Amino acid sequence: MRSRVLSAALALATSLLGVAAFTPSAQAAACGDQLIGNGGFESGTAPWTQTTGVITAGTTAEPAHGGTMEAKLGARGTTHTDTLSQSVTLPTGCSSATLTYWAHIDTKETTTSTKYDTLVVQAGSDTLASYSNLDKNTGYALRTVDMTRYLGQTVTLKVTGSEDSSLVTNFVLDDFSLTTGTGTPPDTTRTPINPAYTVNLTSNASGDTWTGHQTASFTNGSATPLPEVYLRLWDNYHGSCPSTPITVTNVTGGTASPLSVDCTALKITLPTPLAQNQSATIGFDLGIVVPSGADRFGHDGAYNMIGNALPVLAVRDGAGWHLDPYTNNGESFYSLISDFDVTLVHPTSLLTPATGTSTETTSGSTTTTHATAAKVRDFAWGAGPFAKISGTSNKGFKVNVYSASGISSANATSMLNLAKDSIDVHSGRFGDYPYSELDVVLDNNFWFGGMEYPGFVMDLVSNVALPHEIAHQWFYGIVGDDEYNSPWLDESFTDYATDLYRGVTGSGCGITWQSSAEKLTNSMAYWDAHSSRYSTVVYNYGKCTLHDLRRLIGDTAMANLLKTYAQSHWYGVSTTAEFKAAAQAAAGSTDLTSFWASHRVEG
């Protein structure tokens, strides 16, 4: 992820979830249970949290759907916001989870096109349903929301109703129920597994255009048949769809559909669905045109940075296919451990730092770089007239530093020594770096501070950013995560690791939430809409949260937690729920429930 440290209504639905009043028991809920407490509002206000007067008695004009009580948001005709929320824990192992509620909307607004008054139903920061004065209806209508994706999680159901300065709108909800199914649980297996990519590309004279062929072999690791796969063409964000810098043509092994998700996703339907443990291979011709700009995909004059340019397989898991949009604010990347065999044919005048271990063969003015990388999530490379120096850390890890023009030899040497030291220190904390070498590409024109790929990082000359990007070799690289939906799992952990490396204790950490919607565990969808708060929360509050956890459970317990957690998720994928469970185990008798709540770690 980019090291920004250097650059600068569901709750209501939830409340409505109980057709009959429900009092949560001391025992954990089981599949088949109804989970909403006091869903019909007939037993006072608990366990709901509300703004004043939301839970109220029905009237002749606005009767309750069942019983005598209801939840009413809006209803004033003045500028204000009402909220209603409840925390709900959904059990694991259920076949489904379904939220239902009855909603009646009436309004004095006369427009047929403008949403003046709104109601939003959320689970955490996810929007489940939204309504406005345009959705007025006669009587109550039954609303249904699929909540299966939240099985095994504790979520806050929140309904928010907002009115403008005139003309009343009544959002009335009642008799809600959140029930779980007792059938076969959904298949949460991440697939396709064991991707293996073989790539052969040839560049033009300047290294900003590459053409060739790529194949991708994979296996369906899921019991659910795999009828298609998706390729992520992330760098098409940098073009103007459908005129894109990454082109895939002449697909074999399946039938390609039109590009989707702003040209960053390509569906390929397989000839026959793959059963569990069956394998297949697709192939395609590939073209890459590097745009101008000192970016993770761009060229700064003669120096080309080629990150995320190779198409990689999207992941299907319990939430379906992950086809989230590209974000330039952080990262969208979510991929499983893969093997890459990449051959780059280019002018000898161009050096090509790359993910993995490289060997070079030169014939006249042409050099063939053959890079192999096992058990990595992605592949990146550079091309340009870099200056190169190399060294070996005390633990035996080879480090290469490639410098663009303007980087002094003294600064390059300083960064080489810093890289060697930080890779050793991070190895001691989280487990030894598992790859044979690390390439560091320096360019002081990068606007974003730094960017990480397996075995390959881009950076400014900085004693803060470089240890951060190298720490990403563990958090995102080795211990993977869904970077779009859980950015804190790599950025917060990496910034915490950087503090540890630099001897920063976090004693001055302070967390001040800007709104009730702001949470450490929000997705990039939220942060793209609140970009000014992204670095503050995900980087600063994130590492503060881990410092606070260390102070709470003790230095030794925290060190053991992070090392054993990394080892148990080595080459796997981390989730917030899994980390919270591991932290609670490390905390022993210290209950972390209130800690997670105050630090807004949900999931």
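Which residue in β10 stands opposite Ala 103? The residue is Leu 173. This is a predicted model, where local features need pLDDT of at least 70, side-chain atom pairs count only at pLDDT 80 or more, and totals for chains, interfaces and linings use all residues. Residues are numbered from 1 along each chain as its sequence is written, and side-chain values use heavy atoms, with hydrogens and water left out.

First, the sheet. Strand β5, residues 97-107, and strand β10, residues 169-180, run antiparallel and are joined by 10 bridges. Strands here are DSSP runs of E of at least two residues, and helices are runs of H or I of at least four, numbered from the N terminus. Two strands pair if DSSP finds at least two bridges between them. β5 and β10 belong to an open sheet of five strands, ordered β2-β3-β10-β5-β8, with antiparallel pairing. β2 (55-57) and β8 (141-146) are at the edges with a single partner strand each, so one side of each has no neighbour in the sheet. From one strand to the next the twist averages 40 degrees, taking axes as lines fitted to C-alpha atoms and angles from 0 to 180 degrees between N-to-C directions.

Next, the pockets. A pocket is an open set of points on a 1 Å grid over the protein atoms alone, with protein on both sides within 12 Å along at least five of seven lines; lining residues have an atom within 4 Å of a point. Grid points are joined across faces, edges and corners, and a volume is the space filled by probe spheres set on the points.

The largest pocket holds about 1,300 Å³ of space. Its lining has 48 residues, and those nearest the centre are Arg 149, Gln 153, Ala 319, Ser 486 and Thr 575. α8 gives the largest share of that lining, three residues. By class the lining has 17 nonpolar, 21 polar and 10 charged residues. Nonpolar covers Ala, Val, Leu, Ile, Met, Phe, Trp, Tyr, Cys and Pro; charged covers Asp, Glu, Lys and Arg; the others, Gly among them, are polar.

The second largest pocket holds about 830 Å³. Of its 32 lining residues, Ser 87, Thr 154, Lys 580, Val 601 and Glu 602 are closest to the centre. Why does this pocket lie between domain 1 and domain 4? Domain 1 (33-181) and domain 4 (487-599) both give residues to the lining of the second largest pocket, so it lies between them; the bounds come from an automatic or database domain assignment.

Terms used:
1 Å grid on protein atoms, 1.4 Å probe; cavity = no way out; pocket = protein on both sides within 12 Å on 5 of 7 lines; lining within 4 Å.
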